[in-house]
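Reader: Please take me through the packing inside this model, one close look, start to finish. Which side chains meet, and how? Give me cut-offs for each term.

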Amino acid sequence: MTHQVTRDFIGYGANPPDPQWPGGAKIAVNFVINYEEGSEPSFELGDGVTENGLTEAHGLNQVKSGRDLAAEGMFEYGSRVGFWRLHRLFQERNIPVTIFGCALALERNPEAAAAIKAAGYDVCSHGWRWVKHFELSEEEERDHIRKAIDSQQKTVGHRPDGWYCRYGPSVNTRRLVVEEGGFLYDSDYYGDELPIWTRVNGKPHLIVPYSLTNNDGKFAGWMGTSDQWFSYIRDAFDMLYEEGRKGQPKMMSVGLHMRLIGHPARAVALQKLLDYMAVKRDVWITRRVDIARHWMAVHPARS
């Protein structure tokens, strides 16, 4: 029987499981750097369009036909400059990071790929390219998954531990990821604050939810200053931390984009956030793969 995507409006309900985070932590925090620059839709790659998503020109069609060189430069900033600023902030504090890596983007900056490998960041595949998987045929999507795996093994030295589509997944994505094998989890879900087991064609499969709420994508919308972003993400952390102290620990994903928060006036918000969390006790800041492995060990799938 082919796997069918179903909806669940109940989840863990009023009594979520105790994740038993290491060291009795009251919250698990995972910082994600989305490495997309160089894989986005572009004339150079034959797409006939210039992507401007999550840039200073987000939502604007400045060029009606032909290449939008301004938007192209904004993407290049993320790879050329933004990555190194974020990398420095995390390395100075010895904080582990997860990379959501579009495989082609990592290929186009070998120096950044080498830094990711040397730092021990885990890389969750963000696809072969920044494309809409729900517009691909099943065979095209299967090919993208295989290309992403092969590419990442060459650039960062290990196959991806997890999977997360740019844009939303297709109805086939989770099944194809499970059929391909070798993935510990996927993050193509936004409906919870704890990992979830599901079954795909009879096989147990782990979902580690992601967040577009605790995300610097807000800078491409209604948010303008570093103080706004810092206070917004800090408030989310404070509520989750307090809930953890009262017996219901959760996980918190914080999504970052190099071409957004990599700019100086925004990066200061991340700097403040990292230093704010650092003085709190019982906080487990960790990689996504470590959350997945912990859940598998402490809360294994039921038969």
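Author: Two strands pair if DSSP finds at least two bridges between them. Strands (E, at least two residues) and helices (H or I, at least four residues) are DSSP runs, numbered from the N terminus. This is a predicted model: local features need pLDDT of at least 70, side-chain atom pairs count only at pLDDT 80 or more, and totals for chains, interfaces and linings use all residues. Residues are numbered from 1 along each chain as its sequence is written, and side-chain values use heavy atoms, with hydrogens and water left out.

Start with a strand pair. Strands β6 (residues 196-200) and β7 (residues 203-207) run antiparallel and are joined by five bridges. Ile 196 faces Ile 207 of β7 across the pair. Two residues lie between the strands of this hairpin, and Asn 201 has a positive phi there, near 50 degrees.

Buried means under 20% relative accessible area, exposed means over 50%, and partly exposed lies in between (1.4 Å probe, protein chains only). Asn 30 sits in strand β1 (residues 27-35). Its relative accessibility is 0%, so Asn 30 counts as buried. A polar contact is a pair of N or O atoms within 3.5 Å; within protein, one must be able to donate a hydrogen and the other to accept it, and residues adjacent in sequence count only if both atoms are side-chain atoms. The side chain of Asn 30 makes such a contact with the side chain of Arg 288, at 2.6 Å. A polar atom of the Asn 30 side chain also lies 3.0 Å from the backbone oxygen of Thr 286. For plain contact, the rule is heavy atoms within 4.5 Å. Beyond its neighbours within four places in sequence, Asn 30 is in contact with several residues, including Met 252, Ser 253, Val 254 and Thr 98.

Thr 98 belongs to strand β2 (residues 98-101). With 0% relative accessibility, Thr 98 counts as buried. Its side chain makes a polar contact with the side chain of Asp 122, at 2.7 Å. A polar atom of the Thr 98 side chain lies 2.8 Å from the backbone nitrogen of Arg 288. Not counting residues up to four places away in sequence, Thr 98 touches Asn 30, Phe 31, Val 32, Ile 33 and Cys 124, among others.

Next, the rings. Rings of Phe, Tyr and Trp (its six-membered ring) pair if their centres lie within 6.5 Å; planes under 30 degrees apart count as stacked, over 60 as edge-to-face and the rest as tilted. Take Phe 75 and Trp 130: their ring centres are 5.6 Å apart and their planes meet at 45 degrees, so the pair is tilted. Phe 75 lies in helix α1 (residues 69-92) and Trp 130 in the loop between β3 (122-125) and α4 (138-155), so the pair ties together parts 55 residues apart in sequence. Phe 75 and Trp 130 are both buried. Phe 237 and Tyr 276 pair edge-to-face, 6.1 Å centre to centre with 80 degrees between the planes. They link distant parts of the chain, 39 residues apart: Phe 237 is in helix α6 (residues 226-245), Tyr 276 in helix α7 (residues 264-278). Phe 237 has 0% relative accessibility and counts as buried. Tyr 276, at 21%, counts as partly exposed. Elsewhere, Phe 100, Tyr 164, Tyr 190 and Tyr 210 form one aromatic cluster.

Charges over rings come next. The test is NZ of Lys or CZ of Arg within 6 Å of the ring centre and within 35 degrees of the ring normal. Arg 159 lies over the face of Phe 183, 4.5 Å from the ring centre. Arg 166 lies over the face of Tyr 167, at 4.8 Å.

Last, helix α4. Its buried residues include Glu 141, Arg 142, His 144 and Ile 145. The buried residues of α4 pack against α2 (103-107), α3 (110-119), β3, β4 (162-163) and α5 (173-180). Gly 157 follows α4, with a positive phi near 85 degrees.
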